[in-house]
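Colleague: I have a chain on screen and would like to go through it with you. Can we start with the wording, then move on to the parts?

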Amino acid sequence: MKKSPLRKHSKNPIAKLKKRLDIVFSKAMRKELFKKQVHSLGHIRCYTCDAVIYIDNTQVSHFISRIHHSLRWEPRNVRLCCKRCNIWLNGNLAEFALKLIDERGRQEVEWLRQEGNKIKNWSIKELEELIKFYEDKLN
């Protein structure tokens with residue numbers, strides 16, 4: 001019996017929209033956050049470790065993990081970080097939390113934590129609206 005090849009792309013319309021939104025959101029956040037974290041021409045400081053990195057090497061790091069859909073595309077939940085902090089240090093969350101408290105206040109960090117516990121099932125319409133919203137920010 002011949003095995004069927006694994007599908008590389010989902011046929012589920014919601015999964016496709018989430019993937020598209022991830023890309024658009026990431027680009028929009030890089031553009032928006034670059035202004036806040038700029039160090040020098042084309043470089044920023046990593047939000048958590050302060051390393052100076054080239055903008056093309058940044059990653060959009062989530063304080064509350066992306067698996068929590070209620071905050072996956074929430075701008076207050078993301079900052080630009082280096083690959084070391086985002087991937088190897090799993091977001092460097094201790095430093096992320098301290099800096100976020102200094103920047104936004106303890107109350108907002110607690111709000112993010114509470115929102116992260118909520119279950120959110122996005123509709124096709126909601127995802128399409130978010131895609132349009134973030135695409136407009138890129139223009």
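Modeller: First a term: a residue counts as buried when its relative accessible area is under 20%. Also keep in mind that this is a predicted model.

Colleague: Fine. Which residues of α5 are buried, then?

Modeller: In α5 the buried residues are Leu-127, Leu-130, Ile-131 and Tyr-134.

Colleague: Where do they sit, seen down the axis of α5?

Modeller: They fall within an arc of 100° when you look down the axis of α5, so they line one face of the helix. As a general point, an α-helix has 3.6 residues a turn, so residues three or four places apart point the same way.

Colleague: And what covers the buried residues of α5?

Modeller: The cover includes α1, residues 13–37.

Colleague: How many residues does α5 have, and how far does it reach?

Modeller: Helix α5 takes in residues 124–138, which is 15 residues. From its first C-alpha to its last it reaches 21 Å, close to the 21 Å expected at 1.5 Å a residue.

Colleague: New topic, the sheet. What is the order of its three strands?

Modeller: The order is β1-β2-β3, in an open sheet with antiparallel pairing. The edge strands are β1 (38–40) and β3 (52–54), and each of these pairs on one side only. From one strand to the next, the twist averages 45°.

Colleague: How many bridges join β2 to β3?

Modeller: Three bridges join them, and the two strands run antiparallel. Strand β2 covers residues 43–45.

Colleague: What stands opposite His-43?

Modeller: Tyr-54 in β3 stands opposite His-43.

Colleague: Back to α1 for a moment. Which strands of the sheet does α1 touch?

Modeller: Helix α1 packs on the sheet and touches β1 and β2. The direction of α1 makes about 65° with that of β1.

Colleague: Now the whole chain. How many helices and strands are there?

Modeller: The protein chain has five helices and five strands. From the N terminus on, the elements run α-β-β-β-β-β-α-α-α-α.

Colleague: What share of the residues is buried?

Modeller: Of the 139 residues, 37% count as buried. The protein chain exposes about 9200 Å², and carbon and sulfur atoms supply 54% of that.

Colleague: Last one: what does the C-alpha trace span?

Modeller: Along its principal axes it spans about 55 × 35 × 30 Å.

Definitions and conventions:
Residues are numbered from 1 along each chain as its sequence is written. This is a predicted model: local features need pLDDT of at least 70, side-chain atom pairs count only at pLDDT 80 or more; totals for chains, interfaces and linings use all residues. Side-chain values use heavy atoms; hydrogens and water are left out. Helices (H or I, at least four residues) and strands (E, at least two) are DSSP runs, numbered from the N terminus. The expected span of a helix is 1.5 Å times one less than its number of residues. Buried means under 20% relative accessible area, exposed over 50%, partly exposed in between (1.4 Å probe, protein chains only). The arc is that of the directions from the helix axis to the C-beta atoms. Contact means heavy atoms within 4.5 Å. Two strands pair if DSSP finds at least two bridges between them. Axes are lines fitted to C-alpha atoms, for helices over the stretch in contact, and angles run from 0 to 180 degrees between N-to-C directions. Accessible areas come from the Shrake-Rupley method with a 1.4 Å probe; for residues, only the protein chains shown count as cover.
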